[in-house]
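Here are my notes after a pass through the model. Have the structure open while you read.

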Amino acid sequence: MQTWSCAQPGTFELQETKIPHRPAGYSLLRVRAIGICGTDIHAFAGNQPFFQYPRILGHELAAEVVESERFSSGELVTIIPYFNCGTCSACQQAKPNCCEHIQVFGVHTDGGMREYIAVEDRFILAGNGLSADELALVEPLSIAAHGLRRGKIQAGEKVLVMGAGPIGLFTILLAKIQGAQVEVAEPNAARLAFCTQKLGIPAASQSSYQTVIDATGNRAAIESGFAKIAHGGQYILIGLQKEAISFIHPEFHKREATLMSSRNATTEDFLYVMDLLRNKQINARDFISHHVAWSAVAEVFPKIHLPEMGVIKAVVSPKDL
C-alpha cells in the first residue's frame, strides 16, 4: 500500500509499505478520508509537542471495514484516536482522553495517512449512515464539544472564542447550538467573514466574557486572553503550543477566575457530535472547503496554512477512491 510519511519537519515521503496485520480484537480498515488538522500542520512545521519523526500523520479519519470480528465488511466507521491504557488514575476516573500513557494515533504512533490501518475494535465507532466527509469531521468536532463540556457552558452565557481555525469554528458552532452568546476574535479577514456571514457570529465587541476559549495554540494570543475573563469567569485552553505562558497574577486572582485545559475528547463527545451530524444540525459541506488529492499531499502541506489558500477545512482522500 502507499503511505505518506513525515520523515522530518518540512518533508513528506511517499512510501510503499505493507498492509498491516490484523490481530484478534482489531479490525482492518481501508482509509476513505483524512481531515487535515492543526496538529498535523504544526507537526509538519516541527513545532508540535509530543512528537517524534519519522511519523505517519492523520487522526481525523473515515474508513471502510475490510476485515473484522465486530463490524460488517463495507461499513463506514470513524475511530477515537486516543489509545488509552485503561488502568491509570485518569482512566479509572473515566478520563481516558488524558490517560497517563496515552498513545494518540498520528502523534505518538503512526496514523492514518495510508491506505489501510488496523485499529483495536474498542476505538472504532460505526458511522450508522454518516458519509466519509462527515465522519472525517467527527474527531475535531468532538475536541470542541469536550472543551465546552469541560466549561459546562450554559444557554445565554457570554463566550469569546479566540481563533477561527477548524477547532475554533467547531467550538463556535457547538456553543451557538447550546445557546451561548458567542463572539470571535480572529485576525484573518476571510475566516472572520466566514464566522459573521456563515455562522452569524460577530467579532469580539466587549471587554470581558464569562467564558474565554483559546483555539489558536499561539502563545501571544493565549496570554492576551487572560485580560478578557470576566470576574468569576473561566478560561479554557483547547489550543496547544510548546512554550511557557505567563499572566499577571493579581489580575487573575482578583477575578477568582478558573483556568483549565481541555485535552482530546471522550466517547460521549464523539456520540454527541455524530448525532448532531445525523440530525443535520451540522452540515459538513459548510466547513470542508478543500478536497486534497492523494498525490498532492507533499505539495499542499507547506502552504495549506497560508491565508491566501482560503482553507476552512481540508480533507485528503486516498489515491484510488
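A word on terms before the points: contact here means heavy atoms within 4.5 Å. This is a predicted model, where local features need pLDDT of at least 70, side-chain atom pairs count only at pLDDT 80 or more, and totals for chains, interfaces and linings use all residues. Residues are numbered from 1 along each chain as its sequence is written, and side-chain values use heavy atoms, with hydrogens and water left out.

1. Let's start with Q234, which sits in strand β13 (residues 229-237); helices (H or I, at least four residues) and strands (E, at least two) are DSSP runs, numbered from the N terminus. Leaving out neighbours within four places in sequence, Q234 is in contact with G151, I153, E157, Q210, T211, V212, I229, T258 and M260. Its relative accessibility is 12%, so Q234 counts as buried (buried is under 20% relative accessible area, exposed over 50%, partly exposed in between, with a 1.4 Å probe and protein chains only).

2. What does the side chain of Q234 do with its polar atoms? One of them lies 2.9 Å from the backbone oxygen of G151, and a polar contact of 2.8 Å links the side chain to that of T211. A polar contact is a pair of N or O atoms within 3.5 Å; within protein, one must be able to donate a hydrogen and the other to accept it, and residues adjacent in sequence count only if both atoms are side-chain atoms.

3. Helix α4 (residues 166-177) is worth a look. Its 12 residues reach 16 Å from first C-alpha to last, close to the 16 Å expected at 1.5 Å a residue (the expected span is 1.5 Å times one less than the number of residues). Of those 12 residues, 9 are buried, and the buried ones pack against α3, β10, β11, α5, β12 and α8. After α4 comes G179, with a positive phi near 95 degrees.

4. W4 belongs to strand β1 (residues 2-8) and is buried at 5% relative accessibility. Its contacts, not counting residues up to four places away in sequence, include F12, I56, M113 and W294. The backbone oxygen of W294 lies 2.9 Å from a polar atom of the W4 side chain.

5. How many disulfides turn up in a search of the whole structure? The search finds 0, a disulfide being a pair of cysteine sulfur atoms within 2.5 Å. The closest cysteine sulfur to that of C85 is in C99, 3.5 Å away, which is too far for a bond. C85 is partly exposed at 29% relative accessible area, whereas C99 is buried at 2%.
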